[in-house]
Structures are given as C-alpha cells and as structure tokens.
Amino acid sequence: MELRNIQTFSKIVELKQFTKAAESLGYAQSTVTTQIHQLEDELGHPLFDRVKNRVVLTDFGRSFLPLAIQMENINDEMHNLGTRPEEIKGHLKIGVIESCYYSNFLDVLTEYKKRFPLVDLELRTGSSAELCGLLAENSLDMVFCLKMPADYSKFEIPFIQTRRIGLFAAPDHPLARRSEISLADASQYPFIMTEEESVYHRLLHEIFFREGLSMKHSLTLQSTFAIKNLLQKLPGTIACLPEYAAQKETADGSLAKLNCPQLFAEVPVIAAVLKGKWHAPQVTEMLDLVSEMNKNTEQ
C-alpha cells in the first residue's frame with residue numbers, strides 16, 4: 001500500500017474535492033483519480049461517493065480514515081526521530097477564533113517561528129463550532145476556541161484558561177462617565193453583538209434574561225476588530241467582549257470598560273486536539289509553548 005496514495009486520500013478528505021486536492025499536492029487530477037482507484041482496489045471497497053461538486057466519505061471510508069491518519073503519523077514520527085527542535089519540519093494547521101489574536105497569541109506565534117523556523121504555519125479563523133468541526137474532520141491539527149466542543153469525547157483538551165468578559169463603549173459614552181453602572185442602565189443603549197453562536201453573545205443574553213431585562217440590538221457582526229471600530233464610530237453603542245480583546249484600546253483610551261458589577265462572568269479559552277491521534281512534534285511543541293507563555297504572563 002503506497003503511502004502517497006494514503007496522503008492523497010487524506011488531502012481529498014480535507015479539501016472535499018479531487019481537483020483541489022490535486023492542486024494542493026501538485027498532481028494532475030488524473031493522477032489523484034488513479035491513486036484513489038488503486039487504494040480502493042487494494043481495500044476492496046469504495047472510499048468516496050460523488051455528490052454534485054463534492055465528494056463525501058462512504059461508511060467504509062469513514063472507518064478507514066483513522067487508520068490512514070495513524071499511518072501518516074507513524075511515517076512522520078519515523079522521520080522526526082532524533083531531530084533537534086530547530087530542525088523540526090512539517091506543517092501545523094491551527095484554527096483560531098478571531099478574538100484570540102488580541103490576547104498574547106501573536107506573541108506565541110512569533111516565539112514559535114523563532115524556535116521552529118522550518119515549520120510552516122497555516123492559520124484558519126472561524127467560530128468555535130466551525131473550527132471544532134474542521135478539527136473533527138482532521139482538517140486542522142489543533143484549535144483555540146472559547147468553549148468545549150459539543151461532542152468533546154472526540155477531543156483532548158490539553159490547555160484551558162478562563163478569561164473575564166466585560167462591557168465596552170467609546171470614552172465619550174454617557175455610561176463611561178459613571179464610576180459604576182447596572183445592567184438596567186446598559187439595557188437602555190443599543191448593543192453591537194457578535195454572531196448568535198458566539199459564547200459571550202449567548203452568555204450575555206442569559207444574564208439579561210435572568211435579570212428580567214431585554215437588550216437593544218443595533219448590529220450583529222462576526223469580527224471583533226470591526227466591533228471595536230464601530231464602537232468608536234456609532235455614538236451610544238455598547239459591546240460585550242472578552243477583556244483581553246480590548247486591552248490595547250482601554251490602555252490607549254480609545255475605548256472605555258464600563259464598570260458593571262452585575263456582569264461578573266468568565267469564558268473558557270481552550271486548546272483542543274483530536275483524541276487518540278499521534279501528534280507530531282510541531283503540534284506538541286506549540287501546546288507546550290502556549291502553556292509556558294501563559295504561565296509567564298500570570299507571574
């Protein structure tokens with residue numbers, strides 16, 4: 001059984017198209033088709049069903065996928081035996097929710113590239129649910145998100161840390177002048193919200209509901225960056241964000257954190273990887289670095 005055929009199989013699973021897999025691997029599409037036919041002939045079962053412009057795994061293909069991953073991992077492990085950290089090669093595909101970029105995550109990436117210059121990093125931004133779905137399909141090596149995956153039995157959680165959320169507004173907002181506000185005060189002003197599946201979107205709604213209050217929605221956006229900019233451009237608006245996501249703006253005075261004692265809430269920032277999968281050195285080194293740098297930040 002040719003390893004390259006298994007690698008082609010995994011790439012098709014990741015990209016869900018023969019054409020895209022061929023482009024990514026530098027093969028002609030006919031080569032990819034031949035490789036899959038060879039693999040199917042050896043296994044005695046079809047691996048894919050063709051549905052419109054996409055391919056989906058057959059039941060047998062889904063059963064074979066973990067074994068294919070295991071074979072690729074063993075190959076990687078053999079190639080990395082005795083390798084010094086600065087010599088580690090390979091790819092590392094990371095899913096990150098956008099707000100993490102405003103924590104110390106960019107510092108982590110910078111330090112990682114200094115230590116492991118030969119590792120190619122590929123970053124994917126999305127919602128926690130979207131990224132965990134890609135991780136479950138083995139399209140990502142790890143994800144950093146703000147909640148436990150719905151079916152976390154598939155995942156290992158090697159890192160988890162809680163972070164406070166808060167209410168933010170422009171410095172000239174009427175509530176920014178007060179030393180303390182209530183949720184009832186905040187409910188009188190329009191909110192710029194993250195998408196409904198966002199952890200802190202749902203958490204804020206739950207808190208308002210518990211207090212018997214309703215929220216005034218102005219805009220719903222996916223981008224933390226856009227929300228922070230609109231707070232400064234739309235008078236009277238408020239947003240709920242993780243405190244780390246607005247720490248730069250509160251430090252330079254372009255945003256104000258509203259002091260609302262009723263809003264004492266935290267969200268879990270987690271790193272997740274697939275359970276039972278052998279993790280290449282570039283993956284374990286990233287997890288170790290994240291833990292190391294967060295410990296240094298807390299000290």
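**The second largest pocket and its lining**

Modeller: In this predicted model, the second largest pocket is lined by 22 residues, and Val13, Leu57, Leu65, Ala136 and Glu137 are the ones that lie nearest its centre. Two or more residues of this lining come from each of α1, β2 (54–57) and α4. Of the elements, α4 gives the most, with 6 residues. Sorted by class, the lining of the second largest pocket holds 12 nonpolar, 3 polar and 7 charged residues.

The largest pocket provides the background. Its space amounts to about 1000 Å³. A total of 38 residues line the largest pocket, and those nearest its centre are Lys11, Glu72, Asp76, His91 and Lys93. By class, this lining comprises 10 nonpolar, 15 polar and 13 charged residues.

The elements around the largest pocket can be listed in turn. At least two residues of its lining are supplied by each of α1 (3–15), α2 (18–25), α4 (59–79), β3 (90–96), β4 (119–125) and α11 (281–298). Here α1 accounts for the largest share, 7 residues. For the second largest pocket, by contrast, α4 is the element that gives the most.

Terms used
Residues numbered from 1 in each chain as written. Predicted model: local features only at pLDDT ≥ 70, side-chain atom pairs only at ≥ 80, totals over all residues. Heavy atoms only, no water. 1 Å grid on protein atoms, 1.4 Å probe; cavity = no way out; pocket = protein on both sides within 12 Å on 5 of 7 lines; lining within 4 Å. Points joined across faces, edges and corners; volume = space filled by probe spheres on them. Helix = DSSP H or I, 4+ residues; strand = E, 2+ residues; numbered from the N terminus. Nonpolar A, V, L, I, M, F, W, Y, C, P; charged D, E, K, R; others polar.
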